[in-house]
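Reader: Could you walk me through how to read burial and contacts in a protein model?
Author: Happy to; let's look at one together.

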Amino acid sequence: MNIKQDFPILKQKIHGKELIYLDNSATTQKPKQVIQALKDYYERDNANVHRGVHELSMRASMAYENAHQVVADFINADFEEIIFTKGTTESLNTLAYSLGRTLKKDDEILLSEMEHHSNFVPWQQIAKEKGAKIKCIPLTKDFRLDMKAAEKLITKKTKIISITHCSNVLGTINPIKELAKKAHNMGALLIVDAAQSVPHMKVDIRDLDCDFLAFSGHKMFAPTGIGVLYGKKKLLETLQPFQYGGGMIQEVTLEKTTWKELPWKFEAGTPNIEGAIGLAKAIEYINTIGMKNIEKHNQELTAYAIKQLSAIKNLTIIGPKENKDRAAVISFTLEGLHPHDVGEILNQEGIAIRGGNHCAMPLMTSLKINGTNRASFHIYNNKQDIDALVKAIQKAQDIFK
Ligand code: C6P
C-alpha cells in the first residue's frame, strides 16, 4: 500500500527538494478521501443541522449524527457521550469551566510537569478563582511520570486529576489505567488529554476507565476546527453547559431554561458540520489501514529514528530511549545550536519539523532547557525520511561549526 499517494500535499517540492513532513504532532496532512468528503458535502448536502425539515437539512443532520456514532465506536463510547468541540483546547476549557464550578477552597487539582498549556492554564485559572490548589506530578530521570510521587500527591483533597496520555514533547505514554484506579480510590475524577494518543494507538475509554477524554481531529487526518470531548454519561448529565445558545435548548421561559438531552446540551450554536463529516471520514480511513498496522509502522519508525539520531555527535534525545510506552514524537537538542536555526536549515532541505517550547513551558522549566527540535512521524513517513533528517541535521551542524 503506497500511503503517500493518498496525500496530495506531499507531492510538492520545497526549495527544490521533495517535501518531507515530520511535524505530525502539530497537525497531520489530509488524505484525498477526507478532502473529497468535504467537497461532496458542500456540493450536495450543505444545510444547517437539527433546524429544518427540508431534504438538505435532514441529510446534513444525519451525516452529523452519524459522525458522533463513528467517533463513539472508535473509542468504545456511547453516542450520548461524544460532544463535538473545536479541538482538545476547547474540550479541556469546557471541563475547567463546567467542573471548575464545583470546586471549593483548598480542593486540589493534580496535573503533571509534562502538560501542554491547554491542560495547564485552564486549571491554573479556575484554581485561582476558586481558591483551589494546583499540584504537579514530577518526572523521573528517564522522562516518565514519577508514579511514587503521584501516589503521595493523590489524597482525599484531590478532586480532579488531568493528565496527558502522551506527551507532545517527550513522546512518553503515561499509565492512565493506573492513574484512573488511584483517582477513583480517592473519589477524584480522571481527565485524559488524548490529543497525541488517539491519532496513534487504540484508545478504549472503558478499558482506561477515565471519566473524560479530549482530542483533536486535525492530528488524525481530519480538518482543523473539530475536536471531541468524551465524558461518562452519568457525569455529563450532572454538569452545567459551558456555552448557551441555539441547538441545545429544550424550553426557554422568562424564568428558566431547560436543556436538550446529551450530547446536544453541550453543543450550543451552529456546529462545525463539515469538520464532523471530515472526522468521520478520517476515522474510516484509519480503520481501513487498521490502527494496529499504524501503531506498528510508527513504532518501527520511532525505533529506527532513535537509533539513527543517537549516533549523531552532540545530539541529545529529550525523551525515553526505549520504544515501550513511547510514541512517534522525538525531541532533541543539538549542542550550541538554537532550535529555530536548525528548523530553518532543515526547511531549506524541504524538511518540516517543529522547534521551540511546544506550548509546554512548565516542562521546559523542569528540564532546564529553552526548547527542543521535534520530529514527529505518521503513517506516510518512511525510513528514507529519517535518513534525510539525519543528513540535514549533520548539515546544520557543519554550517554552524
Ligand atoms: N499540540 C503541538 O505541536 P489543539 O491545538 O486544541 O488541537 O490541541 C492542543 C493540545 C493539547 N494537548 C496536547 C498534548 C497537544 O499536543 C496539543 C497540541 C500541538 O504539539 C500544537 S501546540
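Reader: What percentage of the residues count as buried?
Author: Buried means under 20% relative accessible area, exposed over 50%, and partly exposed in between, with a 1.4 Å probe and protein chains only. Here, 53% of the 401 residues count as buried. Keep in mind that this is a predicted model, where local features need pLDDT of at least 70, side-chain atom pairs count only at pLDDT 80 or more, and totals for chains, interfaces and linings use all residues. Residues are numbered from 1 along each chain as its sequence is written, and side-chain values use heavy atoms, leaving out hydrogens and water.

Reader: Is His358 buried or exposed?
Author: His358 has a relative accessible area of 0%, so this residue is buried.

Reader: Which residues is His358 in contact with, leaving aside neighbours within four places in sequence?
Author: Contact means heavy atoms within 4.5 Å. By that test, the partners of His358 include His116, Asn168, Ser331 and Arg374.

Reader: With the side chain of which residue does the His358 side chain make a polar contact?
Author: A polar contact is a pair of N or O atoms within 3.5 Å; within protein, one must be able to donate a hydrogen and the other to accept it, and residues adjacent in sequence count only if both atoms are side-chain atoms. The partner is Thr372, at 2.7 Å. The His358 side chain also reaches the backbone oxygen of Gly356 at 3.3 Å.

Reader: And what share of contacts across the protein join residues at least 24 apart?
Author: Among contacts between residues at least 6 apart in sequence, that share is 70%.
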